[in-house]
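Dear colleague,

Please read them with the model open beside you.

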Amino acid sequence: MNLKILNKFELDQRIKSLVSKERELLHEILLTIKEIDQRKLYLEYGFANLFLYLVEGVGYSAGSAQRRIDAARLLGEVPSLGSKIQSGEVKLHQVSLIQKAARDVYKTTHKKVTAEEKQELLEQITAKNFQESQKEVASFFDLPVVEATTQVVQADESVRLSLTISKELADKIQQAQALLSHAISSNDIVDYLEYVTDRVIKQKTSVRVKLDNSRNNFVEQEKIVDEQNAKIRSTERKSTATVEVKPFTAKIKKILINQDQCCQYRDPVTGRRCRNQWFLQTDHKQSRWADGESVVENAQLLCAQHNRLKYRQEAGIKYLSR
């Protein structure tokens with residue numbers, strides 16, 4: 001359509017009609033996301049969680065994906081949200097305020113916010129702007145109004161972070177810096193983060209090896225891994241008469257982390273690998289119940305979600321819509 005031929009009244013009616021259709025479509029999108037979420041189909045597509053599926057698989061920005069996830073899940077708890085979204089009385093960013101506050105409440109008090117409480121709060125923020133809604137949500141849960149964490153990648157690929165932390169956490173960080181003052185002479189938070197991060201990575205990935213006395217030096221990393229693999233295979237196969245298969249040793253887990261560094265689940269249709277680096281678990285390719293051995297050749301890294309999916313598939317258990 002050539003929009004230039006429309007007069008101002010026709011353009012006004014057109015944009016209002018399109019916005020109304022856009023809200024209806026948004027409602028349908030949220031219902032679809034809710035169904036995918038409840039059936040955990042994103043796992044079968046090769047994604048560790050719904051957020052990654054919407055960002056990498058569907059193409060939403062991170063913020064847009066999170067707002068739609070929050071709304072889809074609240075829609076499952078409070079069905080009346082659908083009509084409010086279609087009418088424009090409630091926006092996605094308002095819904096995210098409620099859902100984020102509910103997560104914060106659970107984190108601090110271990111109390112789950114009920115659907116009734118969320119519905120009550122939804123009524124209070126209907127037709128209000130973001131700032132008004134933010135105050136209502138904070139007041140309802142007796143939470144402080146804090147700025148959201150932002151992360152910006154700069155031109156030189158450094159990352160600028162802006163976040164708000166509680167006084168308690170700030171005090172803990174200062175105490176930790178004081179305890180590490182012999183290792184970190186400066187009071188710079190970046191130096192502290194780098195030191196702690198390096199220590200965690202080393203602790204979780206380093207395989208302890210013996211010193212090569214002839215050269216008074218450590219052997220090369222590739223040789224270390226080969227020797228550790230051979231030693232582990234030999235040790236694990238000594239007792240083949242045992243019925244119960246032992247779990248993986250810590251050494252095998254560290255070798256896998258150094259070798260793979262991410263979830264190895266693949267979508268059987270597209271071949272897409274999950275590649276998630278969070279909540280990694282060591283899994284038997286051939287399961288223990290099928291006499292799979294706890295050796296390197298039978299080991300793989302799976303994220304917790306795909307490890308559960310593999311179990312459910314092997315057990316013939318399906319995720320059902322609620």
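Aspartate 12 and lysine 16 lie 4 residues apart in helix H1 (residues 8–38), which means that about one helical turn separates them, and in this predicted model their side chains meet in a salt bridge with an N to O distance of 3.2 Å. Aspartate 12 counts as partly exposed, at 31% relative accessibility.

Asp283 joins Lys310 and Glu314 in a network of salt bridges.

The side chains of glutamate 123 and lysine 84 also form a salt bridge (3.5 Å, N to O), and this pair links distant parts of the chain, with glutamate 123 in helix H7 (residues 115–125) and lysine 84 in helix H5 (residues 81–87), 39 residues apart. Glutamate 123 is partly exposed, with a relative accessible area of 44%, while lysine 84 is buried, with 10%. The count comes to 12 salt bridges.

Turning to the second largest pocket, its volume is about 680 Å³, and among its 15 lining residues Gln66, Ile69, Asp70, Arg73 and Arg103 lie nearest the centre. H4 gives the most to this lining, with 5 residues, and by class the lining of the pocket has 6 nonpolar, 3 polar and 6 charged residues.

With best regards

Notes: Residues are numbered from 1 along each chain as its sequence is written. This is a predicted model: local features need pLDDT of at least 70, side-chain atom pairs count only at pLDDT 80 or more; totals for chains, interfaces and linings use all residues. Side-chain values use heavy atoms; hydrogens and water are left out. On a 1 Å grid over the protein atoms alone, a cavity is a set of points where a 1.4 Å probe fits but cannot get out, and a pocket is an open set with protein on both sides within 12 Å along at least five of seven lines; lining residues have an atom within 4 Å of a point. Grid points are joined across faces, edges and corners, and a volume is the space filled by probe spheres set on the points. Helices (H or I, at least four residues) and strands (E, at least two) are DSSP runs, numbered from the N terminus. Ala, Val, Leu, Ile, Met, Phe, Trp, Tyr, Cys and Pro count as nonpolar, Asp, Glu, Lys and Arg as charged, and the others, Gly among them, as polar. A salt bridge is a side-chain nitrogen of Lys or Arg within 4 Å of a carboxyl oxygen of Asp or Glu. Buried means under 20% relative accessible area, exposed over 50%, partly exposed in between (1.4 Å probe, protein chains only).
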